[in-house]
Amino acid sequence: MNETERILLGHGGGGKLSRNLIDREIVTRFGTDGPLVGLPDGARLKLGEETLVFSTDSFVVSPLEFPGGDIGRLAVHGTVNDVSVSGAEPLWLSLALIIEEGLEMTVLQRILDSVREAADEIGVKVVTGDTKVVACGQCDRLFINTAGIGRKIPGLNTGLDKIKQGDVVITSGTLGDHGMAIMAAREKLTLNNELLSDTGSVHRLVSAAAEWADGVRFMRDPTRGGIAAVLGEIVEDHSFGIVLKEEKIPYNPDARAVAEVLGIDLMHVACEGRMLLICAPEIAEKIIAAWRALSEGAGAAIIGEVTSDRGRVILKTLIGGRRMVDIPQGELLPRIC
Amino acid sequence: MKYIDGFRNHLAAKSITEDIHRLAGELSEQNKDARIMEVCGSHTMSIARYGIRQILPENVRLISGPGCPVCVTDAAYIDAAIELAERGIHVVTFGDMLKVPGSSRTLADARGAGGKVHVCYSPLDAVKLAKESPNEEFVFLGIGFETTVPPVISIIKKAKAEKLTNISVLTAFKLVPPALEALASDTDVAVNGFLLPAHVSAIIGADAYENFVEKYKIPSVIAGFEPLDILLGIKGLLEQLTGNRAELVNQYARVVRKQGNRIALNLIHDLLEPADASWRGIGTIPQSGLVLRKEFSNFDASKKFNISTQGGAPDKRCRCGDVLRGIIFPDECPLFDRECTPLFPVGPCMVSSEGSCAAYYKYSR
């Protein structure tokens, strides 16, 4: 058995089941040629001399408002980040709302204010949109879709084919905060400090790294499925592998506490404002220094390197053991973004 | 987290690992090896997660036991839960149960087809749901060992106190000591040391194993779930094996008391009584389960909805039973990583994160 008769929640988990669905049902219909080939975060579209990057994302997070953000900020950051890690400067956004009858007007206003604030902070403009209202019970309060367009940064040409043995893997900060903040809010877990979502834009991190564009091989914001999913996808069908050092991976102590309580591996948990970057070893420290000068990159760290261990992500554990890091399978934490 | 980090310290780990290698050397001079069964699924997971197997000497083998509650839950029980969901009854469960194959389908399939299946992190969520919809029926899937039993049955006490009549529990609770006896007396199972569970022991107390160790003369150490706990547990077992001793040692004394947790044990005794139980892949073990006492039959879903948790026909090729008894390693099953993967599991050991096959698949392929 390797197909299901119906869509399961796991098909949206960002793991292998999602990947199967996309490969079988989307790629076969739309991705056999053109910009969708290889499923990049954003489509690179050549228009005369200019290259534009185009991306879209939908948001169904529950609760709508959570420590550190809300669905409005998330909807801006999610799409802006997909455009940014495709090597572009984000410019324009669309905003489509699907609203359930009965949503409090004050909640909608707060969320739209958040969209506005987040867009202003980044310098992107909402330029088109749509509003639909469905009857009570036909969606859960508010779903948002955004699409974004950006302008390609010249010289910043990243891609999996550029990754070489000896390259270095960098994170811009602690991992898994967003997913754990949502779960702590949903499960009403009481922590020593309030755990905030990391929702934020990575566009300044991309611009900072662009200074060493030649050595930057790959960029991705680890959302659903966490770094395990991103790194697993990177090594899949490639001649290299990745080894991570557990002691070097930065985690927020409160995110770790939530993960311990819920029995979740933080490597599988989503961030919404972090970046993973693979680059040549000689520029790693420079990028780290540049990132640490920014508030969103203050926790930047080297966490691993590219090896010749074909197709495998290996974790060197705290106590000196080694284990495989696998792509998460199906449903882990539904509706966290 | 400070408390946890102390038990993940790499310098301490290194020093204990050296001791383990030294003891294993002595063992090998005596022409002996160590075949240690970690009984509990949380041990299995922790061993895989920290790569402990890889740092052990060759003559120290860790064999995963039957202590993953999802893995030993009968196919017929899953079938019953699916049937309840199909009858329009709300089924509330921990997430691990969703993908466990019954005779032909899973609860995730039932949910995809419109069945009312809710995943929760706390059994109390079931009480909350039942209160919110007084005209609907709610069934909590009561699986698990001594650790999980008290929080699950506490919902019955709560429901009783709040006069809720629309909530019940479908029980398939299991007990560890009778399973240990079954393993120790099974001649196919060649284990010469037991790493005993941490949290189950916190409930039942260290004394609960005294008779077992006395009777079967197998070295046994109660160990916690952190990597240093496990390494210390292994070291303790090797010390007994090299010294030809067979004792019960409580390495996890910071949590496990001799008498266990009285409040939890009283709660179990008040609501439940022992009964024979069927373990998936292993068969019936006498007095190894817990069922609700007669006076609580209103909260017993099998009685309330007249549904059987017996019978069931899991895939015959699945060798989870042999994996659970430590007779084969997961990758020796012909289905492993072929037809049986965490995404499309054939057997229950591939489902739960605590399942031996899932842990093998995830961390050691």
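Modeller: A helix axis is here a line fitted to C-alpha atoms over the stretch in contact, and the angle between two axes runs from 0 to 180 degrees between their N-to-C directions. The model is a predicted one. With that in mind, consider helix H2 (residues 71–85) and helix H3 (residues 105–122), both of chain A, whose axes lie 7 Å apart and pack at an angle of about 35 degrees. The crossing of H2(A) and H3(A) is right-handed.

The residues that meet can be named on each side. H2(A) contributes Ile71(A), Gly72(A), Arg73(A), Ala75(A), Val76(A), His77(A) and Val80(A). Facing them in H3(A) are Ile111(A), Leu112(A), Ser114(A), Val115(A), Ala118(A), Ala119(A) and Ile122(A). Sorted by class, the residues of this contact comprise 10 nonpolar, three polar and one charged.

Helix H6 (residues 124–132) and helix H7 (residues 149–161) of chain B have axes that come within 9 Å and cross at roughly 30 degrees. Angles under 35 degrees count as roughly parallel, and H6(B) and H7(B) are therefore roughly parallel to each other. H6(B) passes H7(B) in a crossing that is right-handed. Leu124(B), Ala126(B) and Val127(B) of H6(B) make this contact with Ile155(B), Lys158(B) and Ala159(B) of H7(B). Here the classes are five nonpolar, no polar and one charged.

The secondary structure of chain A amounts to eight helices and 14 strands. Its radius of gyration is 19 Å, close to the 20 Å given by the globule rule for 337 residues, so chain A is as compact as a globular protein of that length. Along the principal axes, the C-alpha atoms of chain A fill a box of roughly 55 × 55 × 50 Å. Of the 337 residues in chain A, 49% are buried. Among contacts in chain A with a separation of 6 or more, 83% are between residues 24 or more positions apart.

Leu36(A) belongs to the loop between helix H1 (16–30) and strand S1 (43–47) of chain A. Leu36(A) counts as partly exposed because it has 14 C-beta neighbours inside 10 Å, whereas a buried residue needs 20 or more. Apart from neighbours within four places in sequence, Leu36(A) is in contact with Phe30(A), Gly31(A) and Ala43(A).

How values were computed: Residues are numbered from 1 along each chain as its sequence is written. Chains are lettered from A and ligands numbered from 1 in the order in which they are written. This is a predicted model: local features need pLDDT of at least 70, side-chain atom pairs count only at pLDDT 80 or more; totals for chains, interfaces and linings use all residues. Helices (H or I, at least four residues) and strands (E, at least two) are DSSP runs, numbered from the N terminus. A residue is buried if 20 or more other C-beta atoms lie within 10 Å of its own, exposed if 12 or fewer, and partly exposed in between; C-beta atoms are placed from the backbone. Two residues are in contact if their C-beta atoms, placed from the backbone, lie within 7 Å. A crossing is left-handed if the near helix is turned anticlockwise from the far one by less than a right angle, and right-handed if clockwise. Ala, Val, Leu, Ile, Met, Phe, Trp, Tyr, Cys and Pro count as nonpolar, Asp, Glu, Lys and Arg as charged, and the others, Gly among them, as polar. Angles under 35 degrees count as roughly parallel, over 145 as roughly antiparallel, 65 to 115 as roughly perpendicular and the rest as oblique. The radius of gyration is taken over C-alpha atoms; the globule rule is 2.2 Å times the number of residues to the power 0.38.
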